[in-house]
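Here is a short tour of the fold and its ligand site, written for someone who likes to know the cut-offs. Have the viewer open as you read.

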Amino acid sequence: MPIPKAELHLHIEGTLEPEHAFALARRNGVVLPYADSAELRKAYLFDDLQSFLDLYYELIAVLRTERDFTELADAYLARAAEQGVRHAEIFFDPQAHTGRGIPIGTVIEGLARALDSAEEKYGVSTQLIMCFLRDESAESATSTLDAARPYLHRIAGVGLDSAEAGHPPSKFHEVYESAAALGLRRVAHAGEEGPPAYIWQALDVLGVERIDHGLRSMEDPELVERLVRDRVPLTLCPVSNVRLRAIDTLEEHPLRSMMEAGLLVTVNSDDPAYFGGYVGETFYAVHEALGLGNEELRALARNSFLAAFLDHDEERRARYLAEVEAYDFG
Ligand code: ADE
Ligand code: ZN
C-alpha cells in the first residue's frame, strides 16, 4: 500500500478518462471529433495551459446528468484510494457546465452522491471546492456563487482556475469577499504560468489560505519569506507543470529547493487523466526524477494533511498524521 496522503489539487473534470468520455458520449448522444479513445489519447500533447484547457472544455460536453457526475467522481475516488489517498479536496468548475445549460444543482448533487459514499466504500474523506473560471467575468463568478447558495452545505470553499495570463486574482476581489462572509475557505491558482505578483494578490487581495501551484514563487525571495512565515501551503503539481510546458523536465522542478527553503509544499495530480499519472504515480515520479528519499516523501505526505481543511475535525487529522508517521516503506 502506498503512503497515506491527502490530495488537495485535483480537478474532477480532469479525471475523465478517454474510454469513459466515449462511453458517456454514446449514452448522451454527444458526437466527439475523434474516432475512438486511442485517437483521442494522441491529442494529449500540450504546448501550454491554454492548449490543454481547449481539450478539457471540449470533452466536458459529454457530462450531462447527475449520474454522469456521480460516476466520474466515484471512478476517481476508487483510483485515488488505491494510490493511498485518505482525504481528497476536490475542485469542480460549475461555469463549464452551467454555460452549456446544465443546472448547477445537477453538478453538485451528482458529485456529492459519490462523495457521500466514499468514506464507507473507499475509506476516503472528501470535500468539494467550487472554482471560478478566471477567464470569465467577475459578474459571472458572482452569479455562480449566488446560484450555489442552496448547496453551500456541500461546499467547503472556493477556488480560481482556468487561463491565468491576463486574468489577475484582483479581478475577483468582490466574489472572494462574499465567499469569506459565507464562511467558505479560499484558495486560488496562482503562479502556474502567471508571475509572483499574482501570488501576492491572491494572498493580499483575495485572502487565500493556500496557493494552488505557486510554481513561480521561487523567483521572488520576499514572497518565499512571506509564504514560509505564514505557513501558506502550496499545492504543487509537478507532472502537470511538465506536461503543460511550464518547465521542460521534471528534473528541473523546484520542489526540492522549495522544501529546503522551508515552504509547506504538497504534491498533487491536477488533471490525472490528461497528464498520465494519479497522485501515487506523481509521488513516484518526483522520487525518481528528484531523488527524493523515503523521509522526504513522508514529509510531503505529512504536509498534505497539515495543509488540508480539517480544522473542524482535528482528531481525524491527527489520525491521518499518525498513519503517515507509522508508515513502513518496507
Ligand atoms: N483547470 C483544470 N486544470 C487546470 C490547471 N492546471 N490550471 C488552471 N486551470 C485548470
Ligand atoms: Zn489545477
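## The ligand site

Start at the ligand: a nitrogen atom of ligand 1 sits 3.4 Å from a polar side-chain atom of histidine 11. Glutamate 192 also takes part, with a side-chain N or O atom 2.7 Å from a nitrogen atom of ligand 1. For aspartate 270, a side-chain N or O atom is again 2.7 Å from a nitrogen atom of the ligand. Taken alone, ligand 1 exposes 260 Å², and the protein buries 100% of that (accessible areas by the Shrake-Rupley method with a 1.4 Å probe; for residues, only the protein chains shown count as cover). A polar contact here is a pair of N or O atoms within 3.5 Å; within protein, one must be able to donate a hydrogen and the other to accept it, and residues adjacent in sequence count only if both atoms are side-chain atoms.

The residues around ligand 1 include Leu49, Phe52, Leu53, Tyr56, Asp161, Ser162, His189, His213 and Asp271 (a heavy atom within 4 Å).

## Ground rules

This is a predicted model, with local features needing pLDDT of at least 70 and side-chain atom pairs pLDDT 80 or more, while totals for chains, interfaces and linings use all residues. Residues are numbered from 1 along each chain as its sequence is written, chains are lettered from A and ligands numbered from 1 in the order written, and side-chain values use heavy atoms, leaving out hydrogens and water.

## The sheet

Eight strands form an open sheet with parallel pairing, in the order S1-S2-S3-S4-S5-S6-S7-S8. Helices (H or I, at least four residues) and strands (E, at least two) are DSSP runs, numbered from the N terminus, and two strands pair if DSSP finds at least two bridges between them. S1 (5-7) and S8 (265-267) are at the edges with a single partner strand each, so one side of each has no neighbour in the sheet. On average, neighbouring strands are turned by 25° against each other, direction ignored.

Zooming in, S5 (residues 185-190) and S6 (residues 210-213) run parallel and are joined by four bridges. Alanine 188 stands opposite isoleucine 211 in S6.

## Helix packing

H4 (residues 66-82) and H6 (residues 104-122) pack at about 30°, with axes 7 Å apart. Axes are lines fitted to C-alpha atoms, for helices over the stretch in contact, and angles run from 0 to 180 degrees between N-to-C directions. The H4 and H6 crossing is right-handed (near helix turned clockwise from the far one by less than a right angle; anticlockwise is left-handed).

H9 (residues 196-204) and H10 (residues 221-229) cross at roughly 30°, their axes coming within 10 Å. That crossing is left-handed. Among the residues making the contact are Trp200 of H9 and Arg226 of H10 (heavy atoms within 4.5 Å).

Most residues other than glycine have a negative phi. Aspartate 270, however, has a positive phi near 70°, and lies in the loop between S8 and H13 (272-275). Arginine 231 has a positive phi too, near 50°.
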